[in-house]
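Subject: Structure handover

Hello,

I am passing on the structure we spoke about, with my notes below it. Please look through the model before reading on.

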Amino acid sequence: SKREIKMRKLDSTKVRPLKSEQLLHIEDHDFALRPGFGGSPIPVGIDVQVESIDSISEVDMDFTMTLYLRHYWKDERLSFRSNKNKSMTFDGRLIKKIWVPDVFFVHSKRSFIHDTTVENIMLRVYPDGNVLFSLRITVSAMCFMDFSRFPLDTQNCSLELESYAYNEDDLMLYWKHGNKSLSTDEHISLSQFFIEEFSASSGLAFYSSTGWYNRLFINFALRRHIFFFVLQSYFPAMLMVMLSWVSFWIDRRAVPARVSLGITTVLTMSTIMTGVSASMPQVSYIKAVDVYLWISFLFVFLSVIEYAAVNYLTTIEERKQLKKRGKASGMYSMDAVQAMAFDGCYHDTDEDMDLSPFPEPCEENETRASQTNISNADTPRLKRKRSLKGNVGRIILQNNHVIDTYSRIIFPSVYIVFNFFYWGLYI
């Protein structure tokens, strides 16, 4: 009956729903052209929320950032009737059928739109034709870093957005809400950097073949945490320099001890410098950490040269004394160093250095001495041995060269002054 047919028409569940293409009149327009083609440039507002800064690489000079990128523009071709003035939200499947701004990241190395569980794309269309287009993107872009003050540096990086095809005559790119268009997550943190500030700015970029383009900048400043490098580089370098000074208090006749200590500290400093250089780009200028490590290496190296000078001057002095003594009754008068090198026994005074031209080994001398009837307890040699422990400090002081005495004061004083100027200059 007619009444039943009328009831079916009023039943909304029986009415076939319209497709989004029909509701937005997509098939009636050519969306290959921008809105208002041939007229004034279309304004496209940008809004960015930074979710995280994933990494900063000094070697590659880049950074990786995850952000929400939102576009705002008006396309009257997408306007539709709505009794309640409500917007419609779509996913990424409608993007390929309408016009969207072709914003790209300048100086980007790689970027991608997240696609788990589906592409992170949102399109919201309002009845008057206003459009909100949102993406979740991870992008890696270049950051031109200056390492002249590394690791006491502050790096200024920026992520730049620009239209690829439309210059300023066709598209006007601007921040939607001024400085408030850039927002960040409160929990953003980095292991080696402290984020000092985020700011938004805009400018123009010129290309000789295509003209002027609007460009937007996401600027942020990164200040490096110094504590990690103090523990890994500066503090070990300080310890190696101070350890090299220990040789100034060692007897100048203890050649193996002083040479081994000097070579060990030099090799350790070389290892520290190699480790720092391996984690940094091969730049052509000197970094602040290079200045400190090379000066520290120079102090360690000079401590080795200092003992070389002490040993050389001591040898010359002993040769002169040996010539003055001459030969007496076919006996050679030798000093402690020459006597030790000759028979392998330690001699602490000049009384114990009169050796025959063909001395017997020290073990045989001890055996012969043990067979004598002289009481060993009363011999001067044993008395000297008993008093040796109590006079170690006096013996070391008497057997140190004058260069060692001055080095104990000059080396620490100059190193303290260097540290004072270094930290005052870079901090």
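The notes below cover helix packing, salt bridges and some backbone details.

This is a predicted model, in which local features need pLDDT of at least 70 and side-chain atom pairs count only at pLDDT 80 or more, while totals for chains, interfaces and linings use all residues. Residues are numbered from 1 along each chain as its sequence is written, and side-chain values use heavy atoms, with hydrogens and water left out.

Helix packing

Two packed helices are described by the angle between their axes and the distance between the axes. Here axes are lines fitted to C-alpha atoms, for helices over the stretch in contact, and angles run from 0 to 180 degrees between N-to-C directions. Helices (H or I, at least four residues) and strands (E, at least two) are DSSP runs, numbered from the N terminus.

Helix α3 (residues 227–244) and helix α4 (residues 255–278) have axes that come within 9 Å and cross at roughly 165°. That makes α3 roughly antiparallel to α4 (angles over 145 degrees count as roughly antiparallel, under 35 as roughly parallel). On the α3 side the contact (heavy atoms within 4.5 Å) includes S233, P236 and A237, and on the α4 side it includes L261, T265 and T268. The residues of this contact divide into eight nonpolar, four polar and no charged. In this count Ala, Val, Leu, Ile, Met, Phe, Trp, Tyr, Cys and Pro are nonpolar, Asp, Glu, Lys and Arg are charged, and the others, Gly among them, are polar.

The axes of α3 and α5 also come within 9 Å, and they cross at roughly 15°. The two helices are therefore roughly parallel to each other. Among the residues in contact are Y234, M238 and V241 of α3 and Y292, F299 and V300 of α5. The contact of α3 with α5 holds 11 nonpolar residues, four polar and no charged.

Salt bridges

Side chains of opposite charge can pair when their charged atoms come close. With a salt bridge taken as a side-chain nitrogen of Lys or Arg within 4 Å of a carboxyl oxygen of Asp or Glu, the count comes to 16.

- R136 and E51 form one, at 3.1 Å from N to O. R136 is in strand β7 (residues 130–142) and E51 in strand β1 (residues 42–57), so the pair ties together parts 85 residues apart in sequence.
- E160 and R215 form another, at 3.0 Å from N to O. E160 belongs to strand β8 (residues 154–163) and R215 to strand β12 (residues 211–224), so parts 55 residues apart in sequence are tied together. Both E160 and R215 are buried (under 20% relative accessible area; exposed is over 50%, and partly exposed in between, with a 1.4 Å probe and protein chains only).
- E306 and R258 meet at 3.3 Å, N to O. E306 is buried, with a relative accessible area of 6%, and R258 is buried at 3%.
- E58, D153 and R224 are linked in a network of salt bridges.

Backbone details

Most residues other than glycine have a negative phi, and most peptide bonds are trans. The peptide bond from T116 to T117 is cis, and T117 lies in the loop between β5 (108–113) and β6 (121–125). F150 and P151 are also joined by a cis peptide bond. H107 has a positive phi, near 65°, and is partly exposed, with a relative accessible area of 37%.

Regards

Note on methods:
Parallel < 35°, antiparallel > 145°, perpendicular 65-115°, else oblique.
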